[in-house]
Amino acid sequence: MRSPTLELLWWEGCPSTDRALAELRAALAELGLDHTEVAMREIRTAGEAAQGRFAGSPTILIDGLDFAAPKRAAEAGEETVGLSCRVYRRRDGRISPTPDPDDLRDALRKALGEVEP
Amino acid sequence: MTLAIGAPAPDFTLTDTAGENWSPNGGQATATVLVFTCNHCPYALAWHDRIADAARDYADRGVRFLAINANDAERYPRDSYEAMQRRVAAEDWPMPYLHDATQEVAHAYGAKTTPDLFVLDAGGALRYRGAPDSDYDDPGQRATWLRDALDAVLAGAEPERSETKPVGCSIKWLGRSAS
C-alpha cells in the first residue's frame, strides 16, 4: 500500500500539537498506516510563517498539501497567515484547535486513492 | 508575576467596546470574573459559549463578568479594538468586552493564555484562577470549574479547587516575535 508523505507544522505558542499528532496517528492506525512517518516541522518566526503560508498551528500537509486549506475564496478570507493557533471547525460546527478526525481520515483516504477527489 | 490566591486583585480601569469604563472594584458585585480572552484563538472561541452561559446564569446572583482582550493588535489584527466592536455587535454578549491595549492589566494579573480566568470575591481578593473546565472540546463540561468556584465564593467558602492550569493560546505580548 502506498504511504502518503505527512508533515505536521507547529508553533510553540499553541498547545495543540500533541493532540493533533495523536489524532493523526490514530487516523493512520485506522487505515493500516501505523508505520507511516510523520515529519514534525517547527515554524519559529513570522518570516517563516509568511514564506510557507502557514495558516496556524497545527497545520497538516498530506503529500505536501494543506489538507484543510479553504476550498472557496470566501473561506480563504477568514484564514490568516502567521504565528497563531489555527481555528478548525468540527463537522458539528464547533470550533476546535485541531481538525475534525473524520476530515483527517477522509483526506488520508483520498491521498490513498480510496475515494474520488 | 502571577497573582496568588487570596491576594487583593489589582485595580484597573479599562474601556469596553461601547466606550464605557469598567473597574473590578466598581459597583456592588457579589463576585467578579475576569476572562482574559480574544477573537482569534480557537481555545477562547471553543470555551466562549460556556463562559457566556455562566455569565447569564450567575447574573441574577450579582456576579459580574468582565472579558478582557490584551493581545497585540498590530501583529494580530483580528484582536484589534475595532474587531472587538464588530464581534460584540454581531453576537449576543452578556458581559462587557474590555480592551487592555497596553497589556498592563494582563501583566498585573499574570495572565498567560486565552482564556485565563480570575474569580474575585466581593472584597476583591482572588479566589480562583485557571481554566473554565477540564476540556475545551466538551461543551457538556459547562465551565464546571468556574461554576464550582463561584458557588463556593457566593457561599462564603473557599473553592475546593482554587487553581488550575490555564489552557489556550499564549497572550500575544507587545514587542515579541513569537510566543
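A residue counts as buried here if 20 or more other C-beta atoms lie within 10 Å of its own. Keep that cut-off in mind as you go, and remember that this is a predicted model.

**Stop 1: helix α1 of chain B**

Select residues 42–59 of chain B, which form helix α1. Using that cut-off, the buried residues of α1(B) are B:Pro42, B:Tyr43, B:Ala44, B:Leu45, B:Ala46, B:Trp47, B:His48, B:Arg50, B:Ile51, B:Ala54, B:Ala55 and B:Tyr58. Now put a distance between the C-alpha atoms at the two ends: they are 26 Å apart, and because 18 residues at 1.5 Å a residue should span 26 Å, the two values agree. Where does α1(B) bend? Centre on B:His48, where the bend is about 40°.

**Stop 2: the open sheet of chain B**

Switch to a cartoon of chain B and find the open sheet of seven strands. Reading across, the order is β2-β1-β5-β4-β3-β7-β8, with mixed pairing. The edges are β2 (21–22) and β8 (126–130), each of which pairs on one side only.

Next, select residues 31–36 and 63–69 of chain B: these are strands β3 and β4, a parallel pair with six bridges. Show side chains for B:Val33 and you will find B:Phe65 of β4(B) opposite.

Then move to β7 of chain B, residues 116–121, which runs antiparallel to β8(B) and is joined to that strand by four bridges. One bridge to pick out is that of B:Leu117, whose partner in β8(B) is B:Gly130. Four residues lie between the strands of this hairpin, and B:Gly124 takes a positive phi near 90°. Is β8(B) mostly covered or mostly open? Mostly covered: five of its five residues are buried.

**Stop 3: B:Ala31**

Go back to strand β3 of chain B and select B:Ala31. This alanine has 22 C-beta neighbours inside 10 Å, and therefore counts as buried. Leaving aside residues up to four places away in sequence, B:Ala31 touches B:Val63, B:Val119, B:Leu120, B:Asp121, B:Ala122, B:Leu150, B:Val153 and B:Leu154.

**Stop 4**

In soluble globular proteins, nonpolar side chains tend to be buried together. Here the largest nonpolar core holds 63 residues, and B:Val35, B:Tyr43, B:Ile68 and B:Val119 touch the most other members. Helix α1(B) gives the most to this core, with nine residues. Apart from this core lies another, of nine residues, including A:Leu24, A:Ala27, A:Ile60 and A:Ala107.

Which residues does B:Val35 touch, not counting residues up to four places away in sequence? They are B:Ile51, B:Phe65, B:Ala67, B:Ile68, B:Pro115 and B:Leu117.

**Stop 5**

Finally, colour chain A by secondary structure to see four helices and six strands. From the N terminus on, they run β-α-β-α-β-β-α-β-β-α. Of the 117 residues in chain A, 31% are buried. Among its contacts between residues at least 6 apart in sequence, 74% join residues at least 24 apart.

Now bring both chains into view. Their contact takes 18 residues from chain A and 15 residues from chain B. On the side of chain A that touches chain B, nine residues are nonpolar, five polar and four charged.

Note on methods
Residues numbered from 1 in each chain as written. Chains lettered and ligands numbered in written order. Predicted model: local features only at pLDDT ≥ 70, side-chain atom pairs only at ≥ 80, totals over all residues. Expected span 1.5 Å × (residues − 1). Bend = angle between axes of the 7 residues up to and from the residue. Buried ≥ 20, exposed ≤ 12 C-beta atoms within 10 Å, placed from the backbone. Contact = placed C-beta atoms within 7 Å. Nonpolar A, V, L, I, M, F, W, Y, C, P; charged D, E, K, R; others polar. Pairing = 2+ DSSP bridges. Core = buried A, V, L, I, M, F, W, Y, C linked by C-beta atoms within 7 Å.
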